[in-house]
Amino acid sequence: MMVETHAQALVYRLLQLMPSSHMRASLQCLLALFLASSRPRATQAKTKSEASLSRFLNRYGWPTRKAIQTTRQRIRRVIDSYLSTHRGRLPIVYAVVDLTCLEKTGKYKDLAGLVRTYNGKRGVHVALLYLAIGPFRLPWSFRVYRGKSTATPTDLALSLLRQIPSEWCARFKIRVLTDAGFSTTELIPNAQKLGFEVIMSVRCNRCLADGSSIQQVAQRGQVVTLKGLDIPVAVSWFWRRHEETGAREALYRGHRGLKWRLPRAPGQATVGH
């Protein structure tokens with residue numbers, strides 16, 4: 001079955017899940033906005049007002065869990081269909097884990113306890129899992145970070161990784177991509193216990209077990225041990241230009257499924273690829 005057919009069937013199923021005709025129309029309008037623009041805005045809507053779409057996203061009790069389950073079921077059908085016709089070596093599954101902020105201003109009664117300031121940004125902080133399988137790019141799951149004394153971002157990331165279907169874990173090589181916002185000493189060993197490789201960026205001042213920092217590694221292929229992590233890493237690097245600033249930066253890569261991205265500017269955080 002063609003991907004377009006799967007997508008059309010999914011849209012119709014999600015629309016059927018909406019409790020009222022008004023909510024069905026709002027969802028249809030939102031889907032049209034996302035298809036029409038890479039940066040959709042509620043003000044661009046032709047059939048619904050900005051206030052109506054805002055109420056749909058922030059106040060209405062539409063069946064989120066059922067929508068997620070329905071979407072996952074359809075995604076699994078798409079992947080199964082792809083595998084049944086795929087020839088040659090199976091692609092690597094890239095599991096992208098990220099912590100992002102849905103920025104909020106003002107007061108939100110219904111979001112009490114969820115809106116907070118973290119890393120200088122105020123809003124709802126969400127850990128996301130995004131899967132790349134062959135030609136497909138699939139949002140898979142999310143967890144909301146609820147602050148101190150609750151599950152850490154790293155705990156949330158590991159929880160998300162455990163949601164990858166077991167049959168995919170058995171069939172594919174799964175490579176986790178993440179940035180320096182997660183704990184290297186917690187995420188790397190626990191992800192490897194799940195059978196995954198890890199590609200992860202670190203800060204340039206990340207300490208090694210001998211007290212030096214990763215930016216002092218002088219020889220490509222050198223095996224190093226990070227402070228607090230017993231897994232040795234063979235490090236190599238190459239140079240590139242930063243997409244936004246144009247600054248020259250080094251990207252460090254380890255041969256045991258670990259990739260370290262090192263910016264030239266001390267203390268700068270980076271995003272893994």
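What share of the contacts in the protein with a separation of 6 or more is accounted for by residues 24 or more positions apart? The share is 49%, where contact means heavy atoms within 4.5 Å.

1. Basis of the note. The model is predicted: local features need pLDDT of at least 70, side-chain atom pairs count only at pLDDT 80 or more, and totals for chains, interfaces and linings use all residues. Residues are numbered from 1 along each chain as its sequence is written, and side-chain values use heavy atoms, with hydrogens and water left out.

2. Overall content. The protein has seven helices and 10 strands; these are DSSP runs numbered from the N terminus, with helices (H or I) of at least four residues and strands (E) of at least two. Of its 273 residues, 39% count as buried. Buried means under 20% relative accessible area, exposed over 50%, and partly exposed in between, with a 1.4 Å probe and protein chains only.

3. Helix H2. This helix has 16 residues and spans 22 Å from its first C-alpha to its last, close to the 22 Å expected at 1.5 Å a residue; the expected span is 1.5 Å times one less than the number of residues. Its buried residues are Met-23, Ser-26, Leu-27, Cys-29, Leu-30 and Leu-33. They lie on the same side of H2, because they cover an arc of only 160° around the axis, the arc being that of the directions from the helix axis to the C-beta atoms. On the other side of H2, Ser-21, Gln-28, Leu-35 and Ala-36 are exposed.

4. Packing of H2 with H3. Helix H2 (residues 21–36) and helix H3 (residues 50–58) pack at an angle of about 100°, and their axes are 10 Å apart. Axes are lines fitted to C-alpha atoms, for helices over the stretch in contact, and angles run from 0 to 180 degrees between N-to-C directions. The two helices are therefore roughly perpendicular, a term for angles of 65 to 115 degrees. From H3, the contact involves Ser-52, Leu-53, Phe-56 and Leu-57; the residues from H2 include His-22, Met-23 and Leu-33. By class, the contact has eight nonpolar, three polar and no charged residues. Nonpolar covers Ala, Val, Leu, Ile, Met, Phe, Trp, Tyr, Cys and Pro, charged covers Asp, Glu, Lys and Arg, and the others, Gly among them, are polar.

5. Positive phi values. Most residues other than glycine have a negative phi. Asn-119, although not a glycine, has a positive phi of about 55°. Asn-119 sits in the loop between strand E2 (115–118) and strand E3 (121–133), and is exposed, with a relative accessible area of 67%. Ser-149 has a positive phi of about 70°. Ser-149 belongs to the loop between strand E4 (136–144) and helix H5 (153–161), and counts as exposed at 85% relative accessibility.

How values were computed: Angles under 35 degrees count as roughly parallel, over 145 as roughly antiparallel, 65 to 115 as roughly perpendicular and the rest as oblique.
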